[in-house]
Amino acid sequence: MVGVHLRLDPRELARAAREPHWVRAFADEVTAREAERAVGPSERRGHDLGKAWDGLRFLLERRAFPVDLVHGEEGLPGAGDWGYGAPRVLVPERVRLAADALADLPFTALLGDVTAADLARSEVYPAGFWWDDESALPYLSAHHAALAAFVATAARYRHGLLVWSA
């Protein structure tokens with residue numbers, strides 16, 4: 001299971017709400033296009049949290065992060081199951097709030113005194129991955145940095161996010 005984000009401009013968000021089957025095809029198209037050619041960070045429309053999604057969720061919840069970046073917030077009616085449930089939306093205003101909050105939350109502050117063993121004891125997905133601080137924590141740090149950059153780009157363009165697990 002991996003966490004996925006897709007940047008959508010306001011017009012695309014409105015269309016997704018009216019035509020949830022369109023946005024599924026659009027997400028597949030964006031994913032295929034970005035897999036075929038190198039896309040710079042400011043052009044990238046999709047973002048994959050990999051298996052770091054639950055570790056980041058755990059850390060963000062501990063800090064009472066104001067936005068649910070990992071699962072999204074508003075349901076997308078009629079979208080159906082995209083792997084592990086229906087996609088959810090973060091509207092541009094919430095993306096801006098998340099970007100501002102992430103800018104003030106470097107990974108060391110997000111992590112605090114949490115160790116990989118703490119993640120394992122808390123049964124953070126994927127089980128068995130979180131026992132080694134030397135591999136697990138840099139993995140989370142890299143995904144935190146990439147997510148922060150992606151969300152900052154989305155906020156700069158005044159985009160919303162579609163969020164799902166696949």
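His 47 has a relative accessibility of 10%. Buried here means under 20%, so His 47 counts as buried. Keep in mind that this is a predicted model. His 47 is found in strand E2, which covers residues 46-50. What does His 47 touch, if we do not count residues up to four places away in sequence? The list is Gly 3, Val 4, His 5, Ala 146, Leu 147 and Phe 150.

Next, strand E5, residues 160-165. Of its 6 residues, 6 are buried, so E5 is largely enclosed by the rest of the structure. The side chains go two ways. Gly 160, Leu 162 and Trp 164 point one way from E5, and Leu 161, Val 163 and Ser 165 point the other way. All of these are buried, whichever way they point.

Which strands pair with E5? One is E1, residues 3-8, which pairs with E5 in the antiparallel sense over 6 bridges. In that pairing, Arg 7 stands opposite Leu 161. Another is E4, residues 88-90, also antiparallel to E5, over 3 bridges. There, Arg 88 has Val 163 as its bridge partner.

Leaving aside neighbours within four places in sequence, Leu 162 is in contact with Val 4, His 5, Leu 6, Leu 8, Val 23, Leu 76, Trp 82, Pro 87, Arg 88 and Val 89. Take Leu 8 from that list. Leu 8 and Leu 162 are 154 residues apart along the chain, yet their C-alpha atoms are separated by 7.1 Å.

Now the helices. Two packed helices are described by the angle between their axes and the distance between the axes. For H4, residues 92-103, and H7, residues 133-156, the axes come within 8 Å and cross at roughly 135 degrees. That angle makes H4 oblique to H7. The crossing is left-handed.

Which residues meet there? From H4 they are Val 95, Arg 96, Ala 98, Ala 99 and Leu 102. From H7 they are His 144, Leu 147, Ala 148, Val 151, Ala 152, Ala 154, Ala 155 and Arg 156. By type, the residues of this contact divide into 10 nonpolar, 1 polar and 2 charged.

Note on methods
Residues are numbered from 1 along each chain as its sequence is written. This is a predicted model: local features need pLDDT of at least 70, side-chain atom pairs count only at pLDDT 80 or more; totals for chains, interfaces and linings use all residues. Side-chain values use heavy atoms; hydrogens and water are left out. Buried means under 20% relative accessible area, exposed over 50%, partly exposed in between (1.4 Å probe, protein chains only). Helices (H or I, at least four residues) and strands (E, at least two) are DSSP runs, numbered from the N terminus. Two strands pair if DSSP finds at least two bridges between them. Axes are lines fitted to C-alpha atoms, for helices over the stretch in contact, and angles run from 0 to 180 degrees between N-to-C directions. Angles under 35 degrees count as roughly parallel, over 145 as roughly antiparallel, 65 to 115 as roughly perpendicular and the rest as oblique. A crossing is left-handed if the near helix is turned anticlockwise from the far one by less than a right angle, and right-handed if clockwise. Contact means heavy atoms within 4.5 Å. Ala, Val, Leu, Ile, Met, Phe, Trp, Tyr, Cys and Pro count as nonpolar, Asp, Glu, Lys and Arg as charged, and the others, Gly among them, as polar.
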